[in-house]
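The following paragraphs lead through one structure, from the parts of a chain to the way the chains meet. Please keep the sequence and the 3D view at hand while reading.

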There are 2 protein chains.
Amino acid sequence: MTKATVVGVGMTKFGVHDQTLPELFADAAFPALDDAGVAQDELDAFYFGNAMSGLSENETHLAPKVATHLGMTGVPFQRFEDACATSANAFKNAVQAVEAGVHDTVLVGGVERCTPETGRDTPEMTRIFASASHRQYEQPAGLTFPGVFALLTKRHMHEYGTTEEQLAEVAVKNHYHGSMNDRAHFGGEKTVEEVLDGPVVADPFRLMDCCPFSDGASAVVVTSEDLAGSFDAEGVDVTGNGHGVDAVPLGDKDSLPETKAARDAAREAYDEAGVTANDVDFAEVHDCFTGAEVLATEALGLFEDGEGGPAAAEGRSRLGGETPVNPSGGLKAKGHPIGATGTAQITELTEQLRGEAGERQVEDARTGVAHNLGGDSGTTVVTVMEERE
Amino acid sequence: MTKATVVGVGMTKFGVHDQTLPELFADAAFPALDDAGVAQDELDAFYFGNAMSGLSENETHLAPKVATHLGMTGVPFQRFEDACATSANAFKNAVQAVEAGVHDTVLVGGVERCTPETGRDTPEMTRIFASASHRQYEQPAGLTFPGVFALLTKRHMHEYGTTEEQLAEVAVKNHYHGSMNDRAHFGGEKTVEEVLDGPVVADPFRLMDCCPFSDGASAVVVTSEDLAGSFDAEGVDVTGNGHGVDAVPLGDKDSLPETKAARDAAREAYDEAGVTANDVDFAEVHDCFTGAEVLATEALGLFEDGEGGPAAAEGRSRLGGETPVNPSGGLKAKGHPIGATGTAQITELTEQLRGEAGERQVEDARTGVAHNLGGDSGTTVVTVMEERE
C-alpha cells in the first residue's frame, strides 16, 4: 500500500458569492490543478462534497454538472454528503482509493452556498441545516444547530466549569487569526467584551460565538507518494485518517461533551500515523461554535479534558502558543460553506506544512491535524498530515 | 487484489410505506445480514445511498441516523448521492474497497420514500426529482424527467423508426415479469392496447410508459472471495464494474439516444470481467421509462442500435427469450424508490445467479448485468456478476 500525498490545493475566498455552484467550484478546482501542475485529463477520479444544495438551491446530481463545467466528464465522479463532515469524508475515501491503488491521481473538493445569495434568508437556512438533526426526535422540538451545540457546551460548563469568557476567547483568537487570512469571511481584532455584549443566539452562545453562513469552495489534488515527485508543488503526506460515528440523536449518546466520534477518529488517525497528540504542532478544528472548538481540542488530546476553555483564555491555542488551533481563522472567522469546509481544512494544513501560510504561519510546523465534524457530532473525520521528509 | 463477492441480499416490497427512513432501511438490511449469516459487529463499513430525502423529508446526515437505528455506530458510514444511480455508485465504491483490501465485509444499500406518504404529492415530487436536471438550462424551462426521457426517446424514434407500440411492449413485458415478483409495486397482465390508451404524460410516453414513485429499501453484503466461504449464503462474484459520466445538460451531449455514459460504463465493466455482450444471460436495466429500456439494451450491446424496440416487440427480451431484460419487473413494474434501485438490481442479479428467483428464474443464468442510470444519463454504473465456479 502506497502513501497518499496532497500535491495541489485551491480555495475561493469564503464569503458571499453570486455564481452558480459549478462556477464557484471551478474557482477552487482550477487553482488546485494549477498548483499541482496537473491537467484535467491526468486525473483518474473526482470525489465531490456538497451537503445541502438540494434543499438550498434545488440542485442534486451535482457531480456530473460540475464535471461538465470543468471539462472533465471522462472520469468517475461521486457526491458525498455527511452534513458538515461532507468533504472530509470525500477526502478520506479519495485517500483510501489512492493508497489502495484504485486511482493514481484524484481531485477532491466541495462547494456550498449558504448566504442569502441562494434566495434563502438566515432563518430559512437554519431550518435547512436542521435537516441534519434527528427527524423524529429533534426537528419537531425545534432543535436547530445553535441549540445542539449549546446543549453540548452547557454540559461541558456544568462538568468542568468552562465559562462564557473562555468561549469568547476562542472567538477573539479565531478572528485574530482570520485577520491574517485574506480568504476569510471575517477577520479583525475583536475583544472579549464585544463578544459578551452580543445578542444571545442559544444560551451560552452569543452572535459572535457562532460561525457565519458562507459561500465558497475548496479543492485538493491527491496522488500516491511514488508519483508525488512528478508534480509542480511540494507534496504533503497524509499519514493518518480516522472516521468515527456516534449515535444520533443527542439523547442516545453516552456523553455529550466527550464527542465520542471525534475521540474514536483521533485514535484511529494517530495510530495510523504513529503519532500522539504531543506530536501535533497545530490543528484545524470544527469550530462551528466556540464551544465546539473547546470540545474538539480535548477530544483530539491537545488539552486535558476540562482544559480546553482555560487553554484558549491563556493563549495556549493562539498563534505563538504551544499548539495553535485554527490558524486559518477556523469556521468562526474564515467561514463555513458546509460542503467546502473539510477540504478547506486540508488546504490550510497543506499550506502550513509547506511553510507557505505567510503572516499566519505556525512556526516549525511539521505535523498538523484536521478535525471535521458532521451534524450533532454523529460523524467526525480526523486527518493527520506531515511534512515530507 | 481480491475479487468481491455478494453473500447476502435483502429488500423490502417496493410500494407504499409509512415507516421512517431508518425503519424502512432496517427491513432490507436485517434480512441481508440474516441471508449472509453475519452480525452487525462483523461489518467493517457501510456504503449508503439516498438521493432526495433532504428535499422530500427534510432529512440529511441520514447515514449515522440509520447506523444508530441498526445498532452499528462503530463503523465508518458514508452517504452517496448520484440521482437515480445513487446506490449503484455506493456499491461500486464498496466493491472497490473490498477488492483493494480497505475493508473485508461491508453493508451497502439504499432507501427512499417517494409516495404521498412523504407528505409530497406527485407534482411536488416531480419537481423535487427535477433538481437533478440542469439548474440553469433545464429547470427554468420546466424540464422534468418524463420530458428528459421523452426527448431522448423521440430522437431514437426519429433515427431508428422505433414505435409507440414497441415502447408499450416494454411495459407489457415488465408488468408480466413483475407479476411473478411479490416485492414488485405493480404486476399483472397488461396489453399493448391498455398502454396506448393511457393519458399522455410527455409525448411519446403515456402513463404506463412511466415507472411509479415508490417507497422501499434494498441492501447487500459484500465480502472478499477469500472470506466468502465463511458465510451462510452462496456467494455471487462481482467480476466487472464500470462507471461512465456524460455531459449535463442534454444540450451538451454529442448524441441523445446513444447514452454515452452507459456505453463507456459497459465497455469498462465487460473488459474487467473479460466478457462480451454475447456472454450476458440477462440484464436488469434502468427502465424509468419504456424508452430508457430500449436505449439501455442497445448501449449494453444486448441488441444492435435501433433493434431495442423490435427486440422487445418480438419477445427477445422477455423471460424465455434470448436475453431476458428486467426479469424483476424493472423500475417500471417493481417500482423505483430512487436511492434503493441500484442495490435492488444487485439483489435481483444475486438471486437469479443463485437460481433462487422462483417463477421468474432465468434459465441457465450464469452471467448477469445491472445498468443503473442517474439524471439525464449523466451518470451510469454497469455491474457484471457471475455465478461462482
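In chain A, the C-alpha centres of domain 1 and domain 2 lie 23 Å apart. Domain 1 of chain A covers 4-119 + 214-236, and domain 2 covers 142-212 + 240-387; the domain bounds come from an automatic or database domain assignment. This is a predicted model, in which local features need pLDDT of at least 70 and side-chain atom pairs count only at pLDDT 80 or more, while totals for chains, interfaces and linings use all residues. Residues are numbered from 1 along each chain as its sequence is written, and chains are lettered from A and ligands numbered from 1 in the order in which they are written.

The contact between the two domains of chain A takes 37 residues from domain 1 and 36 residues from domain 2, where two residues are in contact if their C-beta atoms, placed from the backbone, lie within 7 Å. On the side of domain 1 of chain A that touches domain 2, the elements giving two or more residues are β1 (4-11), α4 (86-99), β4 (105-112) and β7 (216-224). Helices (H or I, at least four residues) and strands (E, at least two) are DSSP runs, numbered from the N terminus. With 7 residues, α4(A) gives the most to this side of domain 1. The residues on this side of domain 1 divide into 19 nonpolar, 11 polar and 7 charged; Ala, Val, Leu, Ile, Met, Phe, Trp, Tyr, Cys and Pro count as nonpolar, Asp, Glu, Lys and Arg as charged, and the others, Gly among them, as polar.

The next topic is the pair of chains. Chain A can be laid on chain B with an RMSD of 0.0 Å by a turn of 180 degrees and a shift of 0.0 Å along the axis, so the two copies are related as by a two-fold rotation axis. For this, copies are superposed by least squares on the C-alpha atoms of residues with pLDDT of at least 70 in both.

The contact between the chains takes 48 residues from chain A and 48 residues from chain B. In chain A, α2 (53-57), α3 (62-70), β3 (77-80), α4 and β8 (236-245) each supply at least two residues of the side that touches chain B. The largest share of that side, 5 residues, comes from α3(A). By class, the side of chain A that touches chain B has 18 nonpolar, 21 polar and 9 charged residues. Because 100% of the interface residues of chain A are also interface residues in chain B, the copies meet through the same surface.
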